[in-house]
Each structure stands twice: as C-alpha cells, then as structure tokens.
Amino acid sequence: MTKRLVESKRFLIILSFLFFLMLCIPIWWFSTGAYQSKFPHQDIQDLLHLSSTSLIPSIFIETIYLSSNNLQNNKEYNNLLNILTNKNSLNEIDESFHLNLKNKQQKENYYYLFIIYQSSLNNLSFIKYNELYLSKYRYSFIFINNNHLQNNEINKITNFYKNILNYKINDDLSNKINLKYSLTFNLINMFPTHHYKFQWKMNEKYIRIFTDKLSNLYDFTIDWRMILFGNFPKNSIKKITNQNNMISNNNNQNNNNLNHHFEIHAKDIQFLLNENQDWKFVNQDANVTSIQFLSIIPSKEEVPLTIRKYDGKLSEFNSFIIPRWGGVVLYNPNISSINYYNDEKDKDGFLLINDLDFKNIMEIFTMQLRTLLAIPSPQVFEEMKSDIVIDNKEISVKYIPSMRDGITDWEMDQLIRNRIQYFLFKALDTLRSMSQVVTNMPNVYVLDVVADLTRQAIHNILEAYQILQTNESGNYVNQILQKAKLAVYCAEKAFSHESMLSLLHFPNSQKIAVYLPLVLPVFVTVLVGFSRERRIIREKNIKKD
C-alpha cells in the first residue's frame, strides 16, 4: 500500500514549522517597524511659499514740516521750538523733545520726522543744518534754512529716514542666533602676586540695564569667573618707546606718564585662548548660545599693555571682538595707586576692581555685545549717503546714543523686526527639513508629541503671517514676535526630540542584514528537512511497488 506524504508524522511536524515561520516573519516585520503619527506634510508644503516673501512688520512715519508759514496755527508743535532755548547739548534737546511727545510715541513702529525751519542757529552751536539727528526714541529731527521746502524734497527726506529704519541687519560677526544666551565674564590674572591679584566686583547693574531692554527678545543668564595664571605666546609682547611721553590708548590713561608701553597682537591673544583648553569657555548646552567676555590683566612687568588689532591699528579702547565667540579687553591697573591694605578686597584677599574701571570695562563689553547680537554700530548709519541736496548741501546723519540703556528705542524696534523674519524663516526651514527626513526615512519614529509640536509651529507661523498681511502689523509687533519665537521653539524641539534621534533609524535593507543570519539557518534547515522527508517517502513507495 502506497504511503501518502501527509500521513507522515515527521513531515507534518516539519510542515508546521514551515507554516509558523511563514506566518511569523510578516508579523515580526511589521511589528518591528517605526511608529509614525500622522505627519502634516501637506501643511508644511503649503507654508513653503512664505520663504520667498518678506515677513517684516511694516513701519509708519509721520513727517511734520515746521516752517514759519504753519507755526502760528499749530500751538502744540510750536512748543517744540521753544525747547531749543537754553539747551547746551543734543541730549538735552532730545530729552525735551521726548517729554513733549511722550503721549505720541506709545505706538510700536510708529515714528515722527520733524523737518524744522530755523533761520539762525547761532545759539545752538552744536546743531548743524541739513543733519538728520537720530533720537534715542522713536523720532528724528533735521534743521534746514529753507522756508519753502518742496513736497518732493520732503518725501526724499522721509524715504531716507525710512531706509535707515529698515536697514537689513548683517549677522556675519554675530554669534549663533538663539532664544537663550549665556554671558560669561572672565577675569584672567595672567601672573598674580600677593599685592597684584584682582577679582570681579560682580555688579550686574551695568550689563543688566542692557539685557533687560532685550528681555522681550532673548533670555540671558550671566556668570562671573576668575582664572589664575596664563602665559602669552613667546615673543608676542613688544616693548615700545612712547613719543611725547604719551600713550594713545584710552584704557591706559592711568599709566601714561611712563616713557614706554607694551604691545601684543590680537591674533596672539586668540592663540592663547585656543591653546588653553582647560579654561573651558565652551557651554555644553546645545540650546543655549554662549558668549564669552575676557578681561585680561597682564603681569606687572608688562603694564601698560596695548592691543594691535587684526587690521594692524592700535585698539582705541584696548579691546577687540572675536567673531561668533566673544570679546576681549586688556585691563591695565594703575600700579602707582594700588594700596593693598586700604583698597577694597574680597574675603580671599583679592583686590576688587574699582567702580570707575569696572564701569568702563562693562561699557566696552556692552558695545561688544551689541555687535555680537548683530545690532549695527552707530557708524553704519552715520556713514549712510543720501542724494538729497538742500541749499547746495547734502544731508548727513548724526546718531544720538542712549548712554543709559545701550540701545535706542528705534534700534530695538529694528532688531525685533529683523528677528521676527529670522525666526519665521528658521521655523520654516526646520519644518522643511523634518518633512524631508520623514519622507526619505520611512523607519524614523514620529511620535504623537512630535506631530503635535509640528502642528503648533505651523499654527503659529500661519497666525503670524496673517497679522503681517494686515496694514497695521506694526502695531502688533510684540504679538508677532511671541508667535515667531513659539514657532521656532516648537519646530526645533520637534526636530531634536529624542525619538527622532533614536539609534533604531536604519533602513529595511539594514534590518534584513541584521536579522537574516539568525532566521536564514532555521529556514534553510526546515526546507532541507521538508525536501528530505519527501524524498524518503517517495523512495519507500518505489520499493513497495
């Protein structure tokens, strides 16, 4: 009697193994795949057209031409001319203007331009005709000696002022733009001795005035450090004999009675910083941009020490900026006035830098921080050229600094407008990158929290864009700024989520390469057993026949 294949118990056992292998492999394949929440690819694609548009809030300029023809009928602005009397400086005039216009300057991105006819400036020697004075506040004024200014000339002056306000910020020297900044002030005693070792006074008020002004835009943390001992590169310091017994450097005015001084090149100081890795100037937090400020105190034998900048010129304030890193100041203590036993010291016996020197150092650091945050220097505006000629004289620009805050109101508006566009573009770019990653890598994990953060970023970008499309977007600049910050925060948090950075993100070909050596021997063994049992039963049936 012929034995059928299905009557063999051994064959059925082998067949059951093969059946379970064929059933379990698909289950294993799909169960080990990456979980992907519904990702808003199409919503991101719909947003990408915004990258080619301007996302800067609009500004408004009200131009007020004050001539002898209209002053008698305008008492409010006639008072502005009265404040010119008995004023001795631009700052006094600026503050007087501000008090008279206080109720009119509450609107964000709303500016006033005063074109003032003045027949004589004899009592105002510090004022010049055809000079556009940029106030600390949201207005500007210019004095002209022309009582019949044409409308096209007024429009040209207005457009020139508008170009200044809309100046595009250059980020070449600035640190990585972020929502959070860590400012570290380092005091380096190169060769401290018992009577020649200094410590910070750690008074934050000089820098906090400036950072508080920017608090709506950035979050700042401030740290103070003291470093002992260091060596400048060999042969980097040169001794220079002074001419006329004077040193041209402002930072060394306490030591200018010496007949010599020392010089060091900025690149040698930068080399010193690169070589001393143990000083640990780098912040390990990837979500915080670190800015380092160094005040270096040379040894007694090298005082006064001056800096020669990268361009070969002596530094006016004995300082220089390292682009995208921080700022350096050389501090030369007045050796002749140091009295270790009477001067103020900390509990460890370190001399505290006196108030005047500390204030000067922090003012220099504030100016460097402006540059590192991409706030244009006053020279940028004062060097702007106009093609406007009135009474055969071209219009020039004069910047009035804010000595208290370190940044004027209109500069703050300018920075916020530029940063709104930067944050929105950065959020768009991050979302585009996320969409490409999820599309090109099917095995990347997209958890619900990542998809929700992505939708929040899209929602905030859309809301900011809708406000920007209105004619009054300048009135809602703080609201737009908060949405832009939230958009870039959500986009970056989604992109850097730990699930997106998992080590399990390898393609299917790699998954096969990893698991095939484990599965293939079992599968081959079962197939060989299946074939062998079939052959044995066939041979038995042939013998019986």
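Which element gives the most to the lining of the second largest pocket? Helix α12 does, with three residues.

## About the model

This is a predicted model, in which local features need pLDDT of at least 70, side-chain atom pairs count only at pLDDT 80 or more, and totals for chains, interfaces and linings use all residues. Residues are numbered from 1 along each chain as its sequence is written, and side-chain values use heavy atoms, with hydrogens and water left out. Helices (H or I, at least four residues) and strands (E, at least two) are DSSP runs, numbered from the N terminus.

## The second largest pocket

Let's stay with that pocket for a moment. Its space comes to about 410 Å³, and 13 residues line it. Nearest its centre lie N178, N287, Y489, E492 and K493. By class, the lining of the second largest pocket has six charged, four nonpolar and three polar residues. Here Ala, Val, Leu, Ile, Met, Phe, Trp, Tyr, Cys and Pro count as nonpolar, Asp, Glu, Lys and Arg as charged, and the others, Gly among them, as polar.

A pocket is found on a 1 Å grid over the protein atoms alone, as an open set of points with protein on both sides within 12 Å along at least five of seven lines; a cavity is a set of points where a 1.4 Å probe fits but cannot get out, and lining residues have an atom within 4 Å of a point. Grid points are joined across faces, edges and corners, and a volume is the space filled by probe spheres set on the points.

## A cavity

The structure holds one cavity of 30 Å³ or more. The largest cavity has a volume of about 40 Å³, and its lining is made up of I177, N178, L179, Y422, F423, K426, V488 and E492. Two elements, α10 and α12, each give two or more residues to this lining, and α10 has the largest share, with three. Five of the lining residues of the largest cavity are nonpolar, two are charged and one is polar.

## Salt bridges

A search of the whole structure turns up 14 salt bridges (a side-chain nitrogen of Lys or Arg within 4 Å of a carboxyl oxygen of Asp or Glu). One of them joins D409 and K213, at 2.9 Å from N to O. This pair links distant parts of the chain, 196 residues apart: D409 belongs to helix α10 (residues 409-440) and K213 to helix α6 (residues 205-213). R404 and D405 also meet in a salt bridge, at 3.1 Å from N to O, and K213, R404, D405 and D409 are linked in a network.

How do the partners sit? Buried means under 20% relative accessible area, exposed over 50% and partly exposed in between (1.4 Å probe, protein chains only). D409 is buried at 16%, while K213 is partly exposed at 26%. R404 is exposed at 62%, whereas D405 is buried at 10%.

Another salt bridge brings E463 and K483 together, with their closest N and O atoms 2.4 Å apart. E463 lies in helix α11 (residues 448-468) and K483 in helix α12 (residues 477-495), so the pair ties together parts 20 residues apart in sequence.

## Nonpolar cores

The largest nonpolar core has 75 residues (buried Ala, Val, Leu, Ile, Met, Phe, Trp, Tyr and Cys residues joined through side-chain atoms within 4.5 Å). F185, W200, L214, Y218, L373, F423 and I461 have the most contacts inside it. Helix α10 gives the most to this core, with 11 residues. Apart from it lies another core, of 24 residues, including I144, I395, V397 and Y399.
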